[in-house]
Amino acid sequence: MLAHILGGGPVWPLWITGTVLFGGGVAAMAVSGRLRRACLAASGVGLVATVAVYAAIPATPPAPAGVSLRIVSPPAGAVVTSPLAVRVCATGSAVPGSGRLLSISVDGRQVAEVDVDAAVVTVARGEHTLRVELVTTSHREYAPPLLTDETVTVGGVGVLTTPPGCAS
């Protein structure tokens, strides 16, 4: 359940049912008699609802076999200008065409999500970590995650250049 919350799963149904479960259990310890039975019943309803919600959450899709990603532009460790063109190539078997998105992050903050192999992003001066992750069109990551990282240094503002293509 924690993996769904951390992985961006449906959080609100779990919070609500968990609150009912926890609240009923805590209240049952503080009261006696009929009220205790009512609190335990509420806790039981919360438990059943939490299990039902968790069972209804779809599993993380498996990663396409034999696929890995690499950033070909900008080159790792390069000093570049902003805006920069980020191009990602897949190695191994082909990346599925439909049902995929590339999520591009700079320093842990998502800056683009595209359904092509390149995007233009504006980045401030300084050293930055680029991360590109292949996700489904419903914005869910694969298991195991398909991602790649690299560090670049942005030296200032410059002219946007066309990134190289992917070697076949």
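**A conversation about the model**

Reply: Let us begin with Val159, which lies in the segment after strand E8 (141-157). Helices (H or I, at least four residues) and strands (E, at least two) are DSSP runs, numbered from the N terminus. This is a predicted model, in which local features need pLDDT of at least 70 and side-chain atom pairs count only at pLDDT 80 or more, while totals for chains, interfaces and linings use all residues. Residues are numbered from 1 along each chain as its sequence is written, and side-chain values use heavy atoms, with hydrogens and water left out.

Me: Is Val159 buried or exposed?

Reply: Val159 is exposed, as its relative accessible area is 70%. Buried means under 20% relative accessible area, exposed over 50%, and partly exposed in between (1.4 Å probe, protein chains only).

Me: How far apart are the C-alpha atoms of Val159 and Ser82?

Reply: They are separated by 7.7 Å, although the two residues are 77 residues apart along the chain.

Me: New topic: in what sense do E4 and E5 pair?

Reply: Strand E4 (residues 101-106) and strand E5 (residues 109-114) pair in the antiparallel sense over five bridges. Two strands pair if DSSP finds at least two bridges between them. Leu102, for instance, has Val114 in E5 as its bridge partner.

Me: And which residue has a positive phi in that hairpin?

Reply: Asp107 does, near 55°, in a hairpin with two residues between the strands.

Me: How many bridges join E4 and E7?

Reply: E4 pairs with strand E7 (residues 126-135) over six bridges, in the antiparallel sense. Ser105 has Arg131 in E7 as its bridge partner. E7 also pairs with E8, antiparallel, over 10 bridges.

Me: Which residue forms a salt bridge with Arg131?

Reply: Asp149 does, with an N to O distance of 2.6 Å. The pair links distant parts of the chain, with Arg131 in strand E7 and Asp149 in strand E8, 18 residues apart. A salt bridge is a side-chain nitrogen of Lys or Arg within 4 Å of a carboxyl oxygen of Asp or Glu.

Me: How many salt bridges does the structure hold?

Reply: The structure holds two. One of them joins Asp117 and Arg87, with the closest N and O atoms 3.0 Å apart.

Me: Where is confidence lowest, and where is it highest?

Reply: Confidence is lowest in helix H1 (residues 2-6), at a mean of 46, and highest in E7, at 92. The pLDDT is the predictor's confidence in each residue, from 0 to 100. Where pLDDT is low, the predicted coordinates should not be read in detail.
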